Amino acid sequence: MDDDRVFKALADPTRRHLLDRLFERDGRTLTELESDLEMTRFGVMKHLRVLEDAGLVVSRRNGREKLHFLNPVPIRLIHDRWIDKYTERRVSALADLKTELEETA
Amino acid sequence: MSTMTAQTTQVYSIFIRATPEQVWDAITKPEFTQKYFHGSVIESDYAPGSPYRGFAADGSVQYVDGEVLEADPPRLLRTTWRAVWSPDLAEEPFSRVSWEIEPTGEGVTRLTVVHDDLERAPKTAESVASPDGWSFVVSGLKSVLETGEGLG
């Protein structure tokens, strides 16, 4: 709903890292998520808050635990609005070329 | 998600400029569902224990099979779920889908679809996590309510 919040949330490497962790395995606690980050618990909480405000992460209670889930829908909406429109065959051919060159390098 | 094992609890959440009652209608009324749910017409009387089924618009093919577990309009609909649109998915056991509807003020409602109990239905988990899965369905539902049109 709010593209600005999504773009801002994505414009940070720690937050993108948190999304990647949730993509690997969803439904994690704060303790699990902070385990491989050189950052205070409070710092990780702040980043999760930004992701939640953007709708990219949804937290749900499960008994005494708070679990964090990746919500792919805002990225889907950004994709439909901002990426699909500009991604023509020429662009994807260039992306393929880049991948190929980098793999063989 | 092709290289990953799909998650056994999946959460899809979206903000929609509509009232909770309008979102409930979009989830439960066949004239709405066929605009965003891959053309399927959902049939149920939404009483606990009743069938919850989705068919092609002409009724010729069944896509979804399930049973209503809980219906609390306009806040919650929970059903069992079996994808029967392809034979290998139809062989898997029932999983569970919850539609949670919360008003957030300013005429905006948050819809959260939780698909869980997928531990024994890995092919279904992968299918609903694909680009044609729940992301497509909830984005389409939003589009139908906000613009009157589904996605292409």
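**Figure 1. The loop of B:Pro74 in the predicted model.** B:Pro74 lies in the loop of chain B that runs between strand S4 (62-72) and strand S5 (76-83). In this predicted model, the peptide bond leading from B:Pro73 to B:Pro74 is cis, and its omega is near -5 degrees. For chain B the pLDDT averages 93, and 95% of the residues score at least 70. Among the elements of this chain, H2(B) has the lowest mean pLDDT, at 93, while S6(B) has the highest, at 98. The model as a whole scores ipTM 0.83 and pTM 0.87.

**Figure 2. Two loop residues of chain B with positive phi.** B:His38 is placed in the loop between helix H2 (30-36) and strand S2 (41-43) of chain B, and its phi is near 50 degrees, a positive value in a residue other than glycine. With 17 other C-beta atoms within 10 Å, B:His38 is partly exposed. B:Glu106 belongs to another loop of chain B, the one between strand S6 (95-103) and strand S7 (109-116), and it likewise is a residue other than glycine with a positive phi, here near 55 degrees. B:Glu106 counts as exposed because it has 6 C-beta neighbours inside 10 Å, where 12 or fewer is the limit for that class.

Figure 3. B:Tyr52 is found in strand S3 (residues 51-55) of chain B. Leaving out residues up to four places away in sequence, B:Tyr52 touches B:Ser44, B:Gly66, B:Glu67, B:Val68 and B:Thr79. B:Tyr52 and B:Ile16 are 36 residues apart in sequence, and in space they are 24 Å apart from C-alpha to C-alpha.

**Figure 4. The largest nonpolar core and its residue B:Val138.** In soluble globular proteins, nonpolar side chains tend to be buried together. The largest nonpolar core of this model has 50 residues, and those with the most contacts inside it are A:Val57, B:Val23, B:Leu111 and B:Val138. Helix H5 (residues 134-147) of chain B gives the most to this core, contributing seven residues. When neighbours within four places in sequence are left aside, B:Val138 is in contact with A:Val73, B:Tyr12, B:Ile14, B:Leu111 and B:Val113.

**Figure 5. The side of chain B that touches chain A.** Twelve residues of chain A are in contact with eleven residues of chain B. On the chain B side, strand S1 (10-16) and H5 each supply at least two residues, and the largest share, five residues, comes from S1(B). Sorted by class, this side of chain B has five nonpolar and six polar residues, and no charged residues. B:Thr9, in the segment before S1 of chain B, touches A:Asp26 and A:Gly27 as well as B:Val114 and B:Asp116, not counting residues up to four places away in sequence. B:Thr9 counts as partly exposed, with 19 C-beta neighbours inside 10 Å. B:Thr9 and B:Glu91 are 82 residues apart in sequence and 20 Å apart in space, C-alpha to C-alpha.

**Figure 6. The crossing of H5(A) and H5(B).** The axis of helix H5 (residues 73-83) of chain A and that of H5(B) come within 10 Å and cross at roughly 70 degrees, which makes H5(A) roughly perpendicular to H5(B). Where the two helices meet, A:Val73, A:Arg76, A:Leu77 and A:Asp80 of H5(A) face B:Ser135, B:Val138 and B:Ser139 of H5(B) in contact. The residues of this contact divide into three nonpolar, two polar and two charged.

**Figure 7. The crossing of H2(A) and H4(A) within chain A.** Helix H2 (residues 13-24) and helix H4 (residues 41-53) of chain A have axes that come within 10 Å and cross at roughly 75 degrees; H2(A) and H4(A) are therefore roughly perpendicular to each other. From H2(A), the contact is made by A:Thr14, A:Arg15 and A:Leu18, and from H4(A) by A:His47, A:Leu48, A:Val50 and A:Leu51. By class, the residues of the contact of H2(A) with H4(A) divide into four nonpolar, two polar and one charged.

Notes:
Residues numbered from 1 in each chain as written. Chains lettered and ligands numbered in written order. Predicted model: local features only at pLDDT ≥ 70, side-chain atom pairs only at ≥ 80, totals over all residues. Core = buried A, V, L, I, M, F, W, Y, C linked by C-beta atoms within 7 Å. Buried ≥ 20, exposed ≤ 12 C-beta atoms within 10 Å, placed from the backbone. Helix = DSSP H or I, 4+ residues; strand = E, 2+ residues; numbered from the N terminus. Contact = placed C-beta atoms within 7 Å. Nonpolar A, V, L, I, M, F, W, Y, C, P; charged D, E, K, R; others polar. Axes fitted to C-alpha atoms, helices over the stretch in contact; angles between N-to-C directions. Parallel < 35°, antiparallel > 145°, perpendicular 65-115°, else oblique. pLDDT = per-residue confidence, 0-100.
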